[in-house]
Amino acid sequence: MLDLEDRVCLVTGAGGDIGAAIASRLARFGARVEGADLDPGRVTAKLARQCNALKLDVTSEADWDEAIAAITARHGRLDVVVNCAGLFSRTGDRIDRMDLSEWQRLHAVNVDGAFLGTRAGIRAMKNSGGAVINIGSIVGYFGARSGVGYGSSKAAIRGLTMQAAASCVSAGIPVRVNAIHPGYVLTDSALASELARHGTREKAVAAFATRNPGGTVITPENVADAVAFLASDMARMINGVQLLVDAGLSTQMPGRSFVPSEDT
Ligand SMILES: NC(=O)c1ccc[n+]([C@@H]2O[C@H](COP(=O)([O-])OP(=O)(O)OC[C@H]3O[C@@H](n4cnc5c(N)ncnc54)[C@H](O)[C@@H]3O)[C@@H](O)[C@H]2O)c1
């Protein structure tokens with residue numbers, strides 16, 4: 001049985017759909033959860049009794065210092081940091097049309113924010129041990145036809161995680177650093193472009209689901225289950241991995257193609 005009894009977990013972006021599902025899952029497995037967001041009101045609205053809401057802009061070093069100090073003062077420890085706060089592209093960011101300001105906006109939250117969170121977690125847990133889990137994306141893992149800024153920022157999660165894990169192992173720091181790369185997860189933010197295209201939620205969801213193999217709907221809870229596993233002692237020997245939660249989409253990617261049939 002997965003057990004996070006009394007673990008102190010910080011989840012960023014906890015006001016969003018995936019962050020809220022993660023915070024809720026960790027709490028259900030017994031953790032004491034701090035749900036951080038730029039807008040802590042969203043955390044309270046979604047998770048009133050399941051976690052403490054915290055205001056944290058992940059791009060601010062001062063906010064990170066304050067948040068870690070507040071959490072360790074409140075609980076006396078920190079065991080898990082989940083870097084889930086993230087921004088999607090506003091423009092579709094085709095490379096020849098992309099503004100530097102949009103590139104920087106995406107990288108500030110998705111990369112700098114994850115770096116600051118990974119560093120803050122490792123600093124806080126380097127004696128006691130713990131786990132950092134970074135939320136990347138299938139788009140950052142394999143690339144996509146559009147979404148240059150978003151894809152680049154999420155590809156950096158792969159590198160950050162690999163390097164942070166290697167750095168901890170080399171320095172003898174007992175903090176595991178792993179990444180989860182979700183496929184297309186049904187959230188309000190991810191659905192927005194399909195909603196604009198199709199008008200009704202029902203049609204938008206049907207169109208969105210076709211991005212995954214067999215029209216599978218991947219839910220925020222599917223991602224949260226993987227986070228809970230990596231946060232737990234069941235994953236105590238797992239460090240520096242890139243875990244895809246993508247309903248098998250990666251098996252269909254170029255370069256991963258199979259022989260034409262199993263009896264060829
Ligand atoms: N939905 C998907 O299909 C999908 C797929 C792969 C990866 N992801 C990643 O999962 C994460 C959550 O996605 P979601 O669909 O739940 O999005 P969402 O928009 O519902 O949640 C994102 C949250 O991050 C918060 N946030 C934004 N900037 C912040 C900042 N500077 N400091 C603190 N919080 C900030 C927002 O307020 C929001 O609550 C993101 O990192 C996203 O890139 C999502």
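**Exercise 1. Which strands and which helix do the buried residues of α3 pack against?**

Before we start, note that this is a predicted model, in which local features need pLDDT of at least 70, side-chain atom pairs count only at pLDDT 80 or more, and totals for chains, interfaces and linings use all residues. Residues are numbered from 1 along each chain as its sequence is written, and side-chain values use heavy atoms, with hydrogens and water left out.

*Solution.* 

Step 1: Find the helix. α3 covers residues 61-75; helices (H or I, at least four residues) and strands (E, at least two) are DSSP runs, numbered from the N terminus.

Step 2: Pick out the buried residues. They are Trp64, Ala67, Ile68, Ile71 and His75, where buried means under 20% relative accessible area, exposed over 50% and partly exposed in between (1.4 Å probe, protein chains only).

Step 3: See how they are arranged. Down the axis of α3, the buried residues fall within an arc of 95°, so they line one face of the helix. The arc is that of the directions from the helix axis to the C-beta atoms. On the other side of α3, Asp65, Glu66 and Ala73 are exposed.

Step 4: Name the partners. The buried residues of α3 pack against β1 (8-12), β2 (32-37), β3 (52-55), β4 (80-83) and α4 (100-125).

**Exercise 2. Describe the surroundings of glutamate 102.**

*Solution.* 

Step 1: Glutamate 102 is found in helix α4.

Step 2: With a relative accessible area of 6%, glutamate 102 is buried.

Step 3: Look for a side-chain partner. A polar contact of 2.8 Å joins the side chains of glutamate 102 and arginine 105. (A polar contact is a pair of N or O atoms within 3.5 Å; within protein, one must be able to donate a hydrogen and the other to accept it, and residues adjacent in sequence count only if both atoms are side-chain atoms.)

Step 4: Look further along the chain. Leaving aside neighbours within four places in sequence, glutamate 102 is in contact (heavy atoms within 4.5 Å) with Ser89, Arg90 and Thr91.

Methods: Expected span 1.5 Å × (residues − 1).
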